[in-house]
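Here is a short report on one protein chain. Look over the sequence and the fold first, then read on.

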Amino acid sequence: MARAESKPAQLRRLARLGLRIPPTLITNDRKAAREFAAEHGPVVCKTFRGLPADDDGRAGAIWTQRVDPGTFDDTLTATAHLFQAEIPKTGDVRVTVVGRRVFAQQIAAPDGALDWRRGDWDALLHAPITVPPSVEAALHAYLASFGLVFGCFDFALTGDGDEPEHWTAIECNPNGQWGWLPDADDITEAFADLLTVERKGRP
């Protein structure tokens, strides 16, 4: 799971499996960052992985946010940054994979937020959506490549979702939360099935 939390490793693996990913640049070079923004703008900046818990045990978060390349100065050279082209999305999709079972919900934030995670989760709008077969196959292959049987995948949707090219893979949380989703009961059942092992000759 620790290996699977690295965003650069995730993007590389997702692309190798044939999924679309946003144009991405990892750099601490101000000139390279500005050139990337000029070619792919508008651009967003995001963290490489989740933040560790602080002294009181609560984990913080830095949300995906738009950045103005005009603000890129020498402070950018202090560490690597992950920049991506902002996808002109029609919506977001959370795909929860448990074993061979797949649960997908299209998510809309009433305020049209860039990152739906930073708002009021109780106000989010959900609707089930069907994952194209080629995308679903890639998700199973992705988890298998990391030795995982569970993952929460986030996608940006650029169409109605019927075609694989409408799906742009953003990331996979190998320890994602799902209790807030409308199909949480079904996901719970899938986990129970996955953890149930029948042994021959034993009750």
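Which side chain meets that of Arg94 in a salt bridge? The partner is Asp154, at 2.7 Å from N to O. A salt bridge here is a side-chain nitrogen of Lys or Arg within 4 Å of a carboxyl oxygen of Asp or Glu.

## Model and ground rules

This is a predicted model: local features need pLDDT of at least 70, side-chain atom pairs count only at pLDDT 80 or more, and totals for chains, interfaces and linings use all residues. Residues are numbered from 1 along each chain as its sequence is written, and side-chain values use heavy atoms, with hydrogens and water left out.

## Overall layout

The chain holds 4 helices and 9 strands. Both are DSSP runs numbered from the N terminus: helices are H or I with at least four residues, strands are E with at least two. Along the sequence the order is α-β-α-β-β-β-β-β-β-α-β-β-α.

Of the 203 residues, 38% count as buried. Buried means under 20% relative accessible area, exposed means over 50%, and partly exposed lies in between (1.4 Å probe, protein chains only).

## Nonpolar core

In soluble globular proteins, nonpolar side chains tend to be buried together. The largest nonpolar core in this model has 22 residues. Such a core is a set of buried Ala, Val, Leu, Ile, Met, Phe, Trp, Tyr and Cys residues joined through side-chain atoms within 4.5 Å. Val93, Val95, Leu139, Phe153, Phe155 and Trp167 have the most contacts inside the core.

Strand 5 (91-98), helix 3 (133-145), strand 8 and strand 9 each supply at least two residues of this core. Helix 3 gives the most, with 5 residues.

## Salt bridges

Side chains of opposite charge can pair when their charged atoms come close. The count here is 6 salt bridges.

Return to Arg94 and Asp154, which meet in a salt bridge. This pair links distant parts of the chain: Arg94 is in strand 5, Asp154 is in strand 8, and they are 60 residues apart. Arg94 counts as buried because its relative accessible area is 7%. Asp154 is buried too, at 11%.

Glu171 and Lys7 form another bridge, at 3.0 Å from N to O. It also links distant parts of the chain, 164 residues apart: Glu171 sits in strand 9 and Lys7 in helix 1 (residues 7-16). Both residues are buried.

Glu35 and Lys31 form a bridge with their closest N and O atoms 2.5 Å apart. Both lie in helix 2 (residues 30-40), 4 residues apart, about one turn of the helix. Is each one buried or exposed? Glu35 counts as partly exposed because its relative accessibility is 45%. Lys31 is exposed, at 57%.

## Surface patches

Patches are made of residues with over 30% relative accessible area and no salt bridge; like charges are joined within 9 Å, and nonpolar side chains (Val, Leu, Ile, Met, Phe, Trp, Tyr) within 5 Å. Asp160, Asp162, Glu163 and Glu165 form a negative patch. Lys and Arg count as positive and Asp and Glu as negative, while His and the chain ends are not counted. The place of a charge is taken as NZ of Lys, CZ of Arg, CG of Asp or CD of Glu. Glu163 lies in the loop between strand 8 (150-157) and strand 9 (167-173). Its relative accessibility is 38%, so Glu163 counts as partly exposed.

Val149, Leu194 and Leu195 make a nonpolar surface patch of about 290 Å². Accessible areas come from the Shrake-Rupley method with a 1.4 Å probe; for residues, only the protein chains shown count as cover. Leu195 belongs to helix 4 (residues 184-195). Leu195 is exposed, with a relative accessible area of 69%.

## Contacts across the sequence

Ala141 is in helix 3 and is partly exposed at 32%. The C-alpha atoms of Ala141 and Leu17 are 7.6 Å apart, although 124 residues separate the two along the chain.

The loop between strand 3 (65-67) and strand 4 (81-85) holds Thr79. Thr79 is partly exposed, at 46%. Thr79 and Thr27 are 52 residues apart in sequence and 8.0 Å apart in space, C-alpha to C-alpha. Asp73 is found in the loop between strand 3 and strand 4, and at 33% counts as partly exposed.
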